Amino acid sequence: MQVGIIGLGRMGFNIALHLLEQGVSVVVYNRSVEKVDELKLQISNINDQLNSQPKADRPLDENDKGQKGEVSTADSIAEIPEKLMGEPKMVFLYVPAGEVT
């Protein structure tokens with residue numbers, strides 16, 4: 001499964017991270033690249049921790065296949081549907097109301 005997420009503020013970032021931890025791949029777009037880099041770093045750290053932990057010591061979760069989702073970036077909002085594979089395409093929009101700050 002793949003999901004598009006526009007906006008990596010408080011809500012969008014945490015939902016993207018949760019989806020990635022559940023093995024869902026996400027295509028993200030954010031005005032500032034720093035949040036995208038932070039998301040990639042965090043999921044990389046989680047994968048590193050999992051890989052360094054002996055399999056017997058990992059928490060038992062029947063839904064966890066040990067694989068986390070992948071982060072793809074889009075350079076524009078219009079690029080998100082092109083990067084999402086399969087049908088239907090699902091995109092979440094998390095942006096604050098009002099003027100851009």
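Okay, let's start with a pair of side chains: Lys-83 makes a salt bridge with Glu-79, and their closest N and O atoms are 3.4 Å apart. By salt bridge I mean a side-chain nitrogen of Lys or Arg within 4 Å of a carboxyl oxygen of Asp or Glu. Lys-83 itself is partly exposed, at 31% relative accessible area (buried is under 20%, exposed over 50%, partly exposed in between, with a 1.4 Å probe and protein chains only).

Quick caveats: this is a predicted model, where local features need pLDDT of at least 70, side-chain atom pairs count only at pLDDT 80 or more, and totals for chains, interfaces and linings use all residues. Residues are numbered from 1 along each chain as its sequence is written, and side-chain values use heavy atoms, leaving out hydrogens and water.

Now, inside. The largest nonpolar core has 16 residues, meaning buried Ala, Val, Leu, Ile, Met, Phe, Trp, Tyr and Cys joined through side-chain atoms within 4.5 Å. Ile-5, Leu-8 and Val-28 are among those with the most contacts inside it. Helix 1 gives the most to this core, five residues. Apart from it lies another core, of six residues, including Tyr-29 and Ile-80.

Definitions and conventions:
Helix = DSSP H or I, 4+ residues; strand = E, 2+ residues; numbered from the N terminus.
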